[in-house]
Amino acid sequence: MEKIEEKQVMEVFSTDVEQKCIYPSNPKFKEKRSTSFSLLPFRLKQKSKRKRCVSTSDIAEIEEHVSEPESDKVMLSDDFSTSSSEGEDSDCGHVNISFEQEVNGHALLYKTFGCHGTREGNIKDGSDISYLDKGRCIVADLLNCRLNIFSKSGRNTLTIQNEDTIEPWGIAIHEDIVLVTSRRKKLVLKLSQTGDFEESSFGDSLFQDPCGIATTQDHRIIITDIQAMKVSIHDWSGKWLDDICLPDNHDLQFKTPRYVTVSPLGDIIVSDSGNHQIYIFSSSGNFKKTFGCYGSNDGQLKVPYGICCDKFGNIFVADHYNDRISFFSKDGEFVRQVVTKHDGIFHPQGISISPDMKLFITHGSLKACEVKVFNLISRFKEKDVIPVFHL
């Protein structure tokens, strides 16, 4: 894998590049343009009002009418399934077509999977997501009371559901252990990636409404509690060690500390939805700085949710009610909006980033019932552009 440098990351996110999406002269399609992170998909017209699965003839029609440069290579995924709306239970209807291109300066849609429902692979409220390995991810489904593990292709390979996984909210991965907060049980669960319980849960009488969770390199566990409005530090066994507090002379105190992450630099970073701010603490829990305020301008936030860091410590924030993912430096300086509602992101909740700079997002207009994955770094002759067709 090509080594990604920090300078390369910052250059990509500080440059606007105009990207042209060309559609053929067929009357069904028009030429459109997308700028600064917009890559507009097209929708096939169908005689039936009922949404249906892509057929071989549809694929042939796409390939017949889409004119590509000779240097581009089209590959179709083998993950075909039926479509659904949020109001009905069914399989998911996304066909991924990847174009091998060189495109710089954009967060490019890489994959979309999941849809509203209760069946296997469906998601009703993806409160959090965490990258595992080899393109796999795990999603906490709050309303379905289960954990779903998805493969690199977006296929549901494992569902973890039992009497303890009631209203799971936050997920953290520490080595091979999956840690999950259960809001209904008011506990923290420890599981293997195969779904087996590695150790007993903890938190009885410690939490009122545990939400976000993260771990440090020295095996400490950080928990946010949105009802008690506090952030606590625990050892690996679950024993309470300390509470993280804002300084007494600070104008605000925690109002709704919802998500937490630990940066590669060791900083503990908390998103406070009630104060519309992000707080940065040292590894020992000492306050360092805060950034963000209520609003919709660049650098402002409107109920921040999920938060994660890349390998350089740069910070990504799910700006829930602004329908976007905001990108900040490791010091909290605003850089740019990574993806917005123009990229099909609505009310983002959980976010996670892989070592090769792919950003995983759970989102949805009502509840987070879909996962979108964006490529943040384009590399020479790698599958970067994947329009998703909703049929």
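The model is predicted, so keep its ground rules in mind: local features need pLDDT of at least 70, side-chain atom pairs count only at pLDDT 80 or more, and totals for chains, interfaces and linings use all residues. Residues are numbered from 1 along each chain as its sequence is written, and side-chain values use heavy atoms, leaving out hydrogens and water.

**The open sheet**
- Strands here are DSSP runs (E, at least two residues), numbered from the N terminus.
- An open sheet of 4 strands runs in the order 5-28-27-26, with antiparallel pairing; two strands pair if DSSP finds at least two bridges between them.
- Its edges are strand 5 (108-113) and strand 26 (351-353), each pairing on one side only.
- Strand 26 is joined to strand 27 (residues 358-363) by 3 bridges, and I351 sits opposite I361 in strand 27.
- Strands of a sheet pair through backbone hydrogen bonds.

**Aromatic pairs**
- Rings of Phe, Tyr and Trp (its six-membered ring) pair if their centres lie within 6.5 Å; planes under 30 degrees apart count as stacked, over 60 as edge-to-face and the rest as tilted.
- By this rule there are 11 aromatic pairs.
- Take W169 and Y259: their ring centres are 6.1 Å apart and their planes meet at 45°, so this pair is tilted.
- That pair links distant parts of the chain, with W169 in strand 10 (residues 168-174) and Y259 in strand 18 (residues 257-262), 90 residues apart.
- W169 has 5% relative accessibility and counts as buried, and Y259, at 3%, is buried too (buried means under 20% relative accessible area, exposed over 50%, partly exposed in between, with a 1.4 Å probe and protein chains only).
- F254 and F281 make another tilted pair, 6.1 Å centre to centre with 50° between the planes.
- F254 lies in the loop between strand 17 (240-244) and strand 18, while F281 is in strand 20 (residues 277-281), so the pair ties together parts 27 residues apart in sequence.
- F254 is buried at 10% relative accessibility, and F281 is buried at 0%.
- Ring pairs also link F254, Y279, F281 and F287 into a cluster.

**Charges over rings**
- A charge sits over a ring if NZ of Lys or CZ of Arg is within 6 Å of the ring centre and within 35 degrees of the ring normal.
- K190 lies over the face of W236, 4.1 Å from the ring centre.
- K358 lies over the face of Y110, at 4.8 Å from the ring centre.
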